[in-house]
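Here are my notes for you, written as a few numbered points.

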Amino acid sequence: MRIIAAKVIVTCPGRNFVTLKIETDQGLHGIGDATLNGREKAVVAYLEEHVIPLLIGRDAHRIEDIWQYLYRGAYWRRGPVTMSAIAAVDTALWDIKAKAAGMPLYQLLGGASRDGVLVYGHANGADIEETVDAVGRYQDMGYKAIRAQSGVPGVKGAYGVGKGGLYYEPADSTLPSETVWTTSTYLDHAPKLFERLRATYGPEIELLHDVHHRLTPIEAARLGKSLEPFRLFWMEDCTPAENQDAFRLVRQHTTTPLAVGEIFNSIHDCRTLIEEQLIDYIRTTVVHAGGITHLRQIAGLAALYQVRTGCHGATDLSPACMGAALHFDLWVPNFGIQEYMRHSEETDAVFPHAYTFNDGYLHPGEAVGHGVDIDEALATKYPYDPKQLPVARLTDGSIWNW
Ligand code: EZ4
Ligand code: CO
């Protein structure tokens, strides 16, 4: 089965998405997500200039060979742009192979290991009261696991807080908007939020929290310790992880489970974290970590060390990524949880999909392939709208980690 055409589709049904569509001489096509929030056009150029010309004429069934060819063949390895482009090719090829086999993708991976995929939703509020109410609303929708973020007094644009009642969308401005960060206020404030949540909703609901790289290792250790009484499912991205060794310090001080990895793009970004059991959940997902082919390797390594998966699933990852991730989640033996931020109605219409939410669980559906397609005619109605992620500064003006 030969690849006869491939194209990149950029669309903005509420937010920007980059999608690769591959077509074959058997009349089958597949799609893969290539969205890199705020850096979309870099991946578009990488695909159009450097990848698509290499795909034409290749056997679409040789997924592994094409992965190795694109990864090693570039000479320049890893990196979010390269790995998102490879991921898009890989996802589209798995979609095609599963369609050719007449099966939903999870069947090709090894079949279902569970009945459904436990997901967590995002509850946000400008203050503790609003966040407590938002958690209640998610619980009413059936969610068994909820991430809670709240505005911090005196902090302008705290991470994870929605604007004007809309769901949380971080890329909000053509040039990066400026936010201000104060660690000391946050460290005092965050445990109060979770104390209130446990007091209000009891012990059963799973609660998660995203620190979004804002703390130093010793500050992260302190937060983890102060959150222990409230039994979090995880504390996410508590400190930047380019230096994987930093997590030794956090780990020595707290039993709050640790999750990291949404910005990783390779198994090499998490090898020490996994092998030394410094984390509990690895957050890499299909689009930014080289597709199903590479994600499977990461999960395999993680399984040896009782590290479980917790795939990134924010709105800036398209339904094509979500669909593929859900097939992966349904199969992967060491599954932990899947993040699920809902897309807008416009996005759902551009990307018709087979996955469904029911009572706190997502299921990828039984459609052949990964079950997500793109309505190209509708996609053209939403032109690209350049938006970048915010930056964060400390109160003295120094650039910090957003
Ligand atoms: O800020 O994907 O856990 N989820 C997150 C996300 C990230 C965005 C950045 O594009 O941290 O909301
Ligand atoms: Co995160």
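1. Let's start with a term. A cavity is a set of grid points where a 1.4 Å probe fits but cannot get out, while a pocket is an open set with protein on both sides. One thing to keep in mind throughout: this is a predicted model.

2. Cavities, then. How many of 30 Å³ or more does a search of the whole structure find? The search turns up one. About 120 Å³ of space lies in the largest cavity. Its lining is made of 14 residues, and Gln149, Ser150, Val152, Tyr186 and His209 are the closest to its centre.

3. Now the pockets. The largest pocket has a volume of about 820 Å³. Lining this pocket are 31 residues, with Asn37, His212, Ile263, Leu389 and Trp402 lying nearest its centre. Sorted by class, the lining has 14 nonpolar, 10 polar and seven charged residues.

4. Have a look at where that lining comes from. Domain 1 (3-104) and domain 2 (108-366) each give at least three residues to the lining of the largest pocket.

5. So where does ligand 1 sit? You'll find ligand 1 in the largest pocket. There are 15 residues around ligand 1, and those that come nearest are Tyr159, His212, Glu236, Glu262 and Asp316. This shell splits into five nonpolar, three polar and seven charged residues.

6. Zoom in on the polar contacts next. A polar side-chain atom of Glu262 is 2.7 Å from an oxygen atom of ligand 1. For Asp316, an N or O atom of the side chain is 2.8 Å from a ligand 1 oxygen. With Glu339, the distance from a side-chain N or O atom to an oxygen of ligand 1 is 3.1 Å. As for cover, ligand 1 on its own has 330 Å² of accessible area, and the protein covers 94% of it.

Definitions and conventions:
Residues numbered from 1 in each chain as written. Chains lettered and ligands numbered in written order. Predicted model: local features only at pLDDT ≥ 70, side-chain atom pairs only at ≥ 80, totals over all residues. Heavy atoms only, no water. Near = heavy atom within 4 Å. Polar contact = N/O pair within 3.5 Å; in protein donor to acceptor, adjacent residues only side chain to side chain. Areas by Shrake-Rupley, 256 points an atom, 1.4 Å probe, with all protein chains shown as cover. 1 Å grid on protein atoms, 1.4 Å probe; cavity = no way out; pocket = protein on both sides within 12 Å on 5 of 7 lines; lining within 4 Å. Sits in = over half its atoms within 2 Å of the grid points. Nonpolar A, V, L, I, M, F, W, Y, C, P; charged D, E, K, R; others polar. Points joined across faces, edges and corners; volume = space filled by probe spheres on them. Domains from an automatic or database assignment.
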